[in-house]
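Below are some exercises, each with a solution you can follow step by step.

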Amino acid sequence: MNQPASAYFIEDRHDPNETHTLAVLVQNEPGVLARVIGLFSGRGYNIESLTVSETEAQKHLSRITIVTTGTPMVIAQIKNQLDRMIPVYQVVDMTQTKRSIERELAMVKVRGQGEHRVEALRLADAFRARVIDATTESFVFEITGNTDKINQFIDLMRPLGLVEVSRTGVAAIGRGPEGM
Amino acid sequence: MSDKSHDPNQMTGAAMIVRALIDHGVTDIFGYPGGAVLPIYDEIFQQSQVQHILVRHEQGAGHAAEGYARSTGKPGVALVTSGPGATNMVTPLTDALMDSIPLVCISGQVPTHLIGNDAFQECDTVGITRPCTKHNWLVRDVNDLAKVLHEAFYVATSGRPGPVLVDVPKDVQFATGTYHPPRKSDVHRSYAPRLKGDAAQIRKAVSLLANAKRPVIYSGGGVINSGLEATKLLRELVEVTGFPITSTLMGLGAYPASGKNWLGMLGMHGTYEANMTMHDCDVMLCVGARFDDRITGRVDAFSPGSKKIHIDIDPSSINKNIRVDVPIIGDCGNVLGDILQVFKAEAKKPDIRSWWQQIAQWRARNSLYYKKSNDVILPQHAIQALFEQTRGKDTYITTEVGQHQMWAAQFYGFEEPHRWMTSGGLGTMGYGLPAAVGVQVAHPDSLVIDIAGDASVQMTMQEMSTAVQYELPIKIFILNNQYMGMVRQWQQLLHGNRLSHSYSEALPDFVKLAEAYGAVGLQVHKPADLDGAIKEMISVKRPVLFDCRVAALENCFPMIPSGKAHNEMLLPEQANDEATAKAFAGGKALV
Ligand SMILES: Cc1ncc(C[n+]2csc(CCOP(=O)(O)OP(=O)(O)O)c2C)c(N)n1
Ligand SMILES: [Mg+2]
């Protein structure tokens, strides 16, 4: 092993990365999102997607959904680090439960005329995307689905005159009658 | 309306702060005034239950509060103004976070209507201190203040202890509102640290311990944080099992250094026997320690053949660096009590005589060996002499950071917990002197010694003035090697002996400096004069700067070299140039 001159052991980890969706129930108070995001940036964790909104107004509860990647050891660390924050009630690994539904909403603006315009509409129909704004030379589509479906739709729109995309990020919920 | 004016719980925010301190049993705080905390200082002026110690730099207030906390087990309290007062607290807050020290910092803030305006001495204190506190709060409404202050004390002292900060804008300090004494509902419902260990895990642990052939107990600062009961139980467990025990830097004193099962400290500068025992053990019981990189060395070669039991109150410490077999989340004291109970009922002392014979062979290597001299004081000898002279006295030791810190850990024998205050996780030079101030405030009649380095001590030297003002007879025992010794050692071992900026150029005359502060200066050069000078230092009932001139180029051994495992330690007798070069050979060849 060719170690540089350091008293730290400099190690390459080769464990494969996994993608996990975490649902984090927090007290909705000033700074709580900054704490969560600061944890990720401070400890070098990845954020692929993050959504947050108050979900129970009377109880001041917000739900943060985070899609992150890391080795199994890092994912476990992330959950533990989140869980020990004072305003965090609960952290659920939606990927681990294997019984969750994930959805994302995107608004996709496409500009074009003639054949392209017709093709865009046809594809939108196939993806169950709705037209929520239209001019003679453009559409805005609204599409919901899992991340893969939305990525696929956006890829298809690219050659047809894709202008811009606005995405909500992933929201997730468990199947069946039980809450989290 | 009118009856409210007679309500004793109606008061200003500033008065609430002092009242909350009293309600939490705080008798001493460390602080520095400024515009944004003047209402609080006005309240402090008008009462006598809380003594305020005026430091000379806010960093000093933070470390003093840390020393106070670590030596008493109670939270330390610091009070600072907005802007630069708060930014000066960043180092002690981070230090306390790394070492799990309960600290409550109250900072002033510009009035709420000016927040965000770049007002004079405004800074985003909660933003800056968010990553270096366990939790922090900005209080915008005086009627939230009592609740937040009570929660702050609870969060700082419960679960895994740590620093918290409460930022109080000046208008909130002036405003009148309703105070209430501490109550349960002050705390976030989402915060509930787990104290009791899982019974099934405890059984698994006992069964591993009972069947161990080559066991070791590795304890850390968590045992000390847990309280005296945990220390007692740890000692009992060692007694009942007959197992060898080592400890981290932070855990020294939980098991007495004179105890027969003591292996000495482990880790980068730990003893050979402690590290070899860790490496070759078959069952490791880790109590309140966190497998930090200075402990493990190379992680993939760390104690490869052992089953590991890990007791920690913080779930995020489990499996962070080292995968363990039996994690037990809970308070060390609780879990040790449960383990002992099950062990005593169902197991008997395993026969580990051959393991002890092996350990005796490692011990015989005498890894802390150094060669004494008649001409020059060896730093190790200076610590030993200090230890001999203070043995049996009511002594507290703080340190700065560097070689002297490691020598203190290796050569000063700690018999009790809460007697050893050192910056372990952050490694903050400048910690020891203000920490000694804090310890002495808490223990006015005890002997408080900062084992210091010539470079570190200059970082917070100004607190000598605090010591003189409050007649705190702290002893600053400087192992003066005229180098940033630890930096020089690494440069020698890892960077071809190119001593880039590690020489302590233009050192002050510490004796004159002491006198300038109104303290006592002592200097010693010769080994023969050392004992007498230490006696004099102890007998002086005033603050002392002790300039102990030691060998300049001494290195701290044993040492686990770069990227090496516990069983690849470099011992002092092997540390000739060639062996050292080989041990440290890496990307950068040594000259
Ligand atoms: C605030 C801070 N800055 C830099 C360092 C890096 N550092 C670690 S030890 C050391 C030298 C300490 O020198 P001294 O206080 O003389 O102690 P010695 O090693 O000589 O005993 C330095 C610069 C540190 N630990 N803390
Ligand atoms: Mg030095």
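Burial labels come first: buried means under 20% relative accessible area, exposed means over 50%, and partly exposed is in between, with a 1.4 Å probe and protein chains only. The model is predicted, so local features need pLDDT of at least 70 and side-chain atom pairs count only at pLDDT 80 or more, while totals for chains, interfaces and linings use all residues. Residues are numbered from 1 along each chain as its sequence is written, chains are lettered from A and ligands numbered from 1 in the order in which they are written, and side-chain values use heavy atoms, with hydrogens and water left out.

**Exercise 1. Find N497(B), classify its accessibility and list its contacts.**

Step 1: N497(B) sits in the loop between α20 (485-494) and α21 (510-517) of chain B. Helices here are DSSP runs (H or I, at least four residues), as are strands (E, at least two), numbered from the N terminus.

Step 2: N497(B) has 42% relative accessibility, so N497(B) is partly exposed.

Step 3: look for partners. A contact means heavy atoms within 4.5 Å. With neighbours within four places in sequence set aside, N497(B) contacts Q491(B) and Q492(B).

Step 4: H443(B) is 54 residues from N497(B) along the chain, and their C-alpha atoms lie 43 Å apart.

**Exercise 2. Work out how enclosed helix α12 of chain B is, then zoom in on T277(B).**

Step 1: count burial. In α12(B), 8 of the 9 residues are buried, so the helix is largely enclosed by the rest of the structure.

Step 2: name them. The buried residues are Y272(B), E273(B), A274(B), N275(B), M276(B), T277(B), M278(B) and H279(B).

Step 3: see what surrounds them. These buried residues pack against the strands β9 (215-219), β10 (245-247), β11 (262-265) and β12 (283-287), plus helix α15 (353-363), of chain B.

Step 4: zoom in. T277(B) belongs to α12 (residues 272-280) and is buried, at 0% relative accessible area. Beyond residues up to four places away in sequence, T277(B) touches P215(B), V216(B), P244(B), L263(B), W355(B), I359(B) and W362(B).

**Exercise 3. How many disulfides are there over all chains?**

Step 1: A disulfide is a pair of cysteine sulfur atoms within 2.5 Å.

Step 2: search everything. The whole structure gives 0 disulfides over all chains.

Step 3: check C286(B). C286(B) is in no disulfide, and the nearest cysteine sulfur, in C332(B), is 8.5 Å away. C286(B) is also buried, at 0% relative accessibility.

Step 4: check C548(B). The closest cysteine sulfur to that of C548(B) belongs to C556(B), 16 Å off, which is too far for a bond. C548(B) is buried too, with 0% relative accessible area.

**Exercise 4. Count the salt bridges over all chains and describe some of them.**

Step 1: set the rule. A salt bridge is a side-chain nitrogen of Lys or Arg within 4 Å of a carboxyl oxygen of Asp or Glu. Side chains of opposite charge can pair when their charged atoms come close.

Step 2: count. The rule gives 22 salt bridges over all chains.

Step 3: start in chain A. D155(A) and R158(A) pair at 2.8 Å, N to O, and D155(A) is partly exposed at 45% relative accessibility.

Step 4: go to chain B. K196(B) and D338(B) pair at 2.7 Å, N to O. This pair links distant parts of the chain, 142 residues apart: K196(B) lies in the loop between β8 (176-178) and α9 (199-210), and D338(B) in helix α14 (residues 332-346). D338(B) is buried, at 17% relative accessibility.

Step 5: R549(B) and D547(B) form a salt bridge with their closest N and O atoms 3.1 Å apart. R549(B) is partly exposed at 23% relative accessibility, whereas D547(B) is buried at 0%.

Step 6: R84(A), R160(B) and D314(B) are joined into one network by salt bridges that share partners.
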